Amino acid sequence: MAAENERHGLAQARPIPVVRLAGIEKSYRAGRINFIALEDIDLEITRGEFVALCGQSGSGKSTLLNLVGGIDHPTSGSVHFLGQELASMGDTDLSRLRAREIGFIFQFFNLLPVMSVFDNVAYPLMLLGKAKSQARHDVFAMLERVGLRDHWQKRPAELSGGQQQRVAIARALVKKPTLIVADEPTGNLDSETGLSILDLMKEINAESSTTLLVSTHSEFVKDRASRVVELKDGRVIHDSK
Ligand SMILES: Nc1ncnc2c1ncn2[C@@H]1O[C@H](COP(=O)(O)OP(=O)(O)O)[C@@H](O)[C@H]1O
Ligand SMILES: [Mg+2]
């Protein structure tokens, strides 16, 4: 059938991957020493996937997430996000793309301590210039979704670690990004709380087909992910795809 289509010039258009890493190397120079943090990375992530990125500490997980999120650039190779090469974009366009399309979740939550839960979640929408009334509606809907509506006036420090991570999830999701990049989101939580966070992420992945790329040490993530990619010494040594 594929050959048939091709002959008639009807080659099936493949959906554009959310992320495409091709021939990636990332090295860090420390004095005269060149340290290779990632090499030979070729990876495509398609819409709706829940990818667990595994590997020991130092294997290159955060480095890879930073490249995908446009926070850092590769030494060689290319990073495409929805078909656009990040290195070819100017700073303004790259910032705009990140603000619209990518939600970040971190190990230590990274909430703004002087702002309320509501304002933390509203912040990305303010940056995008969303109208206040619409933003208010979206923030409350998201807080409801993560089970924290009643806590909207609190400061992050008044919440447990698990609750703070739920706020961070709400903040990452409120703008309905194409991709969520989460760097060891359960790394600072006890295992039971970590599990409930992962279940929440899995539910969100299923109901909104938001693409998730989650780095982790935890076996629980692997159980919930649709795909497991394992790094060792900066290389992909296993990809369950
Ligand atoms: N900014 C940096 N400068 C120099 N070396 C770095 C830098 N960031 C990371 N590295 C090194 O790159 C390797 C991979 O780090 P990282 O991506 O943080 O791994 P992981 O997240 O899997 O623990 C490590 O050996 C680390 O020391
Ligand atoms: Mg890391």
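Okay, let's start with a pairing: β1 and β4 run antiparallel and are joined by five bridges. To place one residue pair there, Glu25 sits opposite Ser76 in β4. Before I go on, please keep in mind that this is a predicted model.

So what sheet does that pair belong to? It's an open sheet of four strands, in the order β2-β1-β4-β5, and the pairing is antiparallel. At the edges you'll find β2, residues 33-45, and β5, residues 84-85, each of them pairing on one side only.

Let's go through the other pairings in this sheet. Strand β1, which covers residues 19-30, pairs with β2 over nine bridges, in the antiparallel sense. If you want a spot to look at, find Val19, which stands opposite Ile45 in β2.

How many strands does it have, and in what order? Six strands, also in an open sheet, and the order is β6-β7-β8-β3-β9-β10. The pairing in this one is mixed. The edge strands are β6, at 102-105, and β10, at 235-239, and each pairs on one side only. Ignoring direction, neighbouring strands here are turned by 20 degrees against each other on average.

Let's zoom in on β3, residues 50-54. It runs parallel to strand β8, residues 211-216, and five bridges join the two. One pair to find is Phe50, whose bridge partner in β8 is Leu212. β3 is also joined to strand β9, residues 227-232, by four bridges, and those two run parallel as well. In that pairing, Ala52 stands opposite Val228 in β9.

You can see Glu230 opposite His238 in β10. β9 and β10 form a hairpin with two residues between them, and in the turn Asp233 has a positive phi of about 45 degrees.

Next, helices packing on helices, and the one to follow is α4, residues 117-127. α4 and helix α6, residues 161-173, pack at an angle of about 30 degrees, with their axes 7 Å apart. That angle is why α4 counts as roughly parallel to α6, since anything under 35 degrees goes in that class. The crossing of α4 and α6 is right-handed. On the α4 side the contact uses Val117, Asn120, Val121 and Pro124, and on the α6 side it uses Val167, Ala170 and Arg171. By class, that's five nonpolar, one polar and one charged.

What about α4 and α5? Helix α5 is residues 132-145, and it packs with α4 at about 125 degrees, with the axes 9 Å apart. So α4 is oblique to α5. α4 passes α5 in a right-handed crossing. From α4, the contact is made by Val117, Phe118, Val121, Ala122, Leu125 and Met126. From α5, you get Ala135, Arg136, Asp138, Val139, Phe140 and Leu143. This contact of α4 with α5 has 10 nonpolar residues, no polar ones and two charged.

Last thing, the annotation. The UniProt record, an unreviewed entry, places the feature "domain: ABC transporter" at residues 19-241. In the model, that span is 36% helix and 29% strand, and its end C-alpha atoms lie 15 Å apart.

Methods: Residues numbered from 1 in each chain as written. Chains lettered and ligands numbered in written order. Predicted model: local features only at pLDDT ≥ 70, side-chain atom pairs only at ≥ 80, totals over all residues. Heavy atoms only, no water. Axes fitted to C-alpha atoms, helices over the stretch in contact; angles between N-to-C directions. Parallel < 35°, antiparallel > 145°, perpendicular 65-115°, else oblique. Left-handed = near helix turned anticlockwise from the far one by under 90°. Contact = heavy atoms within 4.5 Å. Nonpolar A, V, L, I, M, F, W, Y, C, P; charged D, E, K, R; others polar. UniProt positions renumbered as here; feature names shortened; annotations may be inferred. Pairing = 2+ DSSP bridges.
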